[in-house]
Amino acid sequence: MVAKALNIKAVRDMIKSKAQFLSIFAMAALTILIVSGLDSLWKTIGDETRSMYAATNISDLWVTAPDPSEIDMWGVKRISGVKSAEKRFVANAEAGLEGKPALRLYAMPDKNTLDTPKIVKGGLKSRGGAVLDVNFAAANGINIGD
């Protein structure tokens, strides 16, 4: 009997103060939407990161050395915890495109297994050609085969 009276009073109070009730309801709904959206975004970023690391075998650490010898590579490979070490050549260049965008060139042997590019469009050729960042290609109007 008391519960029924309390329910009737609660409904009557909500009807009297519709604006306050609706504003509290809207704030609660908005909070739930924001929190669930952030949680979903966090999980999506984590999944994409793990997928990218698995697909490209990204290195945990890069050691920069001018013209490393095989003895230098041997020394790096002997460091505790190092599973693999590979050489590659890195150079900064200027593209002959409008606006003169800067390029960072990476050259590595075919047999390298670390930091392999994730191919979005096109494919790797055995000779010639280059792999470009998809955003760089789009921003500069470069298509496959150019």
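Here is a short walk through the structure above, from its surface patch to its pockets and its salt bridges.

The model is predicted, so local features are taken at pLDDT of at least 70 and side-chain atom pairs at pLDDT 80 or more, while totals for chains, interfaces and linings use all residues. Residues are numbered from 1 along each chain as its sequence is written, and side-chain values use heavy atoms, with hydrogens and water left out.

Let us begin at the surface. Val 11, Met 14, Ile 15, Phe 21, Leu 22 and Phe 25 make a nonpolar patch of about 590 Å². A patch of this kind joins nonpolar side chains (Val, Leu, Ile, Met, Phe, Trp, Tyr) within 5 Å, using residues with over 30% relative accessible area and no salt bridge. The areas come from the Shrake-Rupley method with a 1.4 Å probe, and for residues only the protein chains shown count as cover. Two helices, H1 (2-16) and H2 (18-56), each supply at least two residues of the patch. Helices here are DSSP runs of H or I with at least four residues, strands are runs of E with at least two, and both are numbered from the N terminus. Phe 21 has its place in helix H2, and its relative accessible area of 39% makes it partly exposed. On this scale, buried means under 20%, exposed means over 50%, and partly exposed lies in between.

Of the 42 residues that line it, Pro 117, Leu 124, Ala 130, Val 131 and Leu 132 are the closest to its centre. A pocket is an open set of points on a 1 Å grid over the protein atoms alone, with protein on both sides within 12 Å along at least five of seven lines, and lining residues have an atom within 4 Å of a point. The volume is the space filled by probe spheres set on the points. H2, strand S2 (102-107) and helix H4 (134-139) each give two or more residues to this lining, and S2 provides the largest share, five residues. By class, the lining has 22 nonpolar, ten polar and ten charged residues. 

The second largest pocket holds about 1000 Å³ of space. Its lining has 32 residues, and Ser 59, Leu 61, Trp 62, Val 63 and Glu 86 lie nearest the centre. Helix H3 (70-77), strand S1 (89-94) and S2 give two or more residues to that lining, with H3 giving the most, three residues.

Finally, look for the salt bridges, of which the structure holds five. Each is a side-chain nitrogen of Lys or Arg within 4 Å of a carboxyl oxygen of Asp or Glu. Lys 43 and Asp 39 form one of them, at 3.5 Å from N to O; both lie in helix H2, four residues apart, about one turn of the helix. Asp 47 and Arg 50 form another, with their closest N and O atoms 2.7 Å apart. About one helical turn separates Asp 47 and Arg 50, because they are three residues apart in helix H2. Asp 47 is partly exposed at 45%, whereas Arg 50 counts as exposed at 55%.

A further salt bridge joins Asp 115 to Arg 88, with the closest N and O atoms 3.9 Å apart. This pair links distant parts of the chain, 27 residues apart: Asp 115 is in the loop between S2 and H4, and Arg 88 is in the loop between H3 and S1. Asp 115 counts as buried at 15% relative accessibility, while Arg 88 counts as partly exposed at 26%.

How values were computed. Patch = residues over 30% accessible without salt bridge, like charges linked within 9 Å, V, L, I, M, F, W, Y side chains within 5 Å. Buried < 20%, exposed > 50% of the residue type's maximum accessible area, 1.4 Å probe, protein only. 1 Å grid on protein atoms, 1.4 Å probe; cavity = no way out; pocket = protein on both sides within 12 Å on 5 of 7 lines; lining within 4 Å. Nonpolar A, V, L, I, M, F, W, Y, C, P; charged D, E, K, R; others polar.
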